[in-house]
Amino acid sequence: MADHPAPRSTPPEATTTDSPPPDFLSTHFLGPRSRRQFSLFLFGATCVGLSIFSTRRALVRRYVTTVPHFYQQSNALPREAINLRKEAAEALQIATINVLSFATMMTCGTLWAFDVSGVEELRDRVRSMKKQREVKGGTNVAQDQIVAREFEDFLGPSLKKRTGKDENQEMKEAR
């Protein structure tokens with residue numbers, strides 16, 4: 001006779017869950033505020049993608065103009081003259097678009113990471129930080145003066161050479 005294992009009893013399902021209340025999810029990453037901020041970041045990322053696409057297209061177009069046709073001699077000059085002004089203007093335009101789109105993406109991503117949704121909210125946060133700093137004691141005036149003196153000592157000789165004044169002239173002016 002074979003012994004049959006006894007059927008295992010399954011533990012009762014827990015009736016309580018440890019999930020956070022729905023308000024937590026709606027106010028953080030899944031909330032409309034966060035989605036709006038993230039959509040601005042995605043707008044910047046889309047701009048970066050489009051600028052990369054346009055850059056690649058311009059580079060391919062430039063490369064294709066330099067490749068000779070099948071029936072053209074390899075030592076002959078290209079048929080189309082290269083307009084350097086046009087090339088420089090196009091390069092400046094593409095570089096500007098790339099930089100602006102990357103700056104847009106980084107700015108919107110930073111605002112999303114710090115949970116800032118507008119200029120007014122950013123101003124309020126900066127003002128509250130300034131007030132907190134003033135309450136804690138503000139800036140140390142003596143320390144600021146020491147740093148200013150060290151800065152003048154460090155850059156003093158180079159600034160004197162630049163203005164063309166020597167120490168004797170400065171002493172005469174000070175009297």
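**Salt bridges and helix packing in a predicted model**

Glu-121 and Arg-125 form a salt bridge whose closest N and O atoms are 3.4 Å apart; the term covers a side-chain nitrogen of Lys or Arg within 4 Å of a carboxyl oxygen of Asp or Glu. Both residues lie in helix 4, 4 residues apart, about one turn of the helix. Helices here are DSSP runs (H or I, at least four residues) numbered from the N terminus.

Residues are numbered from 1 along each chain, and side-chain values use heavy atoms, without hydrogens and water. The mean pLDDT of the chain is 77; confidence is lowest in helix 1 (residues 22-27), at a mean of 54, and highest in helix 3 (residues 84-113), at 92.

The structure holds 5 salt bridges. Among them, Glu-87 meets Arg-62 at 3.6 Å, N to O. Glu-87 belongs to helix 3 and Arg-62 to helix 2, so the pair ties together parts 25 residues apart in sequence. Glu-87 is partly exposed at 26% relative accessibility (between 20% and 50% relative accessible area, 1.4 Å probe, protein chains only).

And how do those two helices pack? The axes of helix 2 (residues 32-66) and helix 3 come within 8 Å and cross at roughly 160° (lines fitted to C-alpha atoms over the stretch in contact, with angles from 0 to 180 degrees between N-to-C directions). The two helices are therefore roughly antiparallel, a label for angles over 145 degrees.

Note on methods
Predicted model: local features only at pLDDT ≥ 70, side-chain atom pairs only at ≥ 80, totals over all residues. pLDDT = per-residue confidence, 0-100. Parallel < 35°, antiparallel > 145°, perpendicular 65-115°, else oblique.
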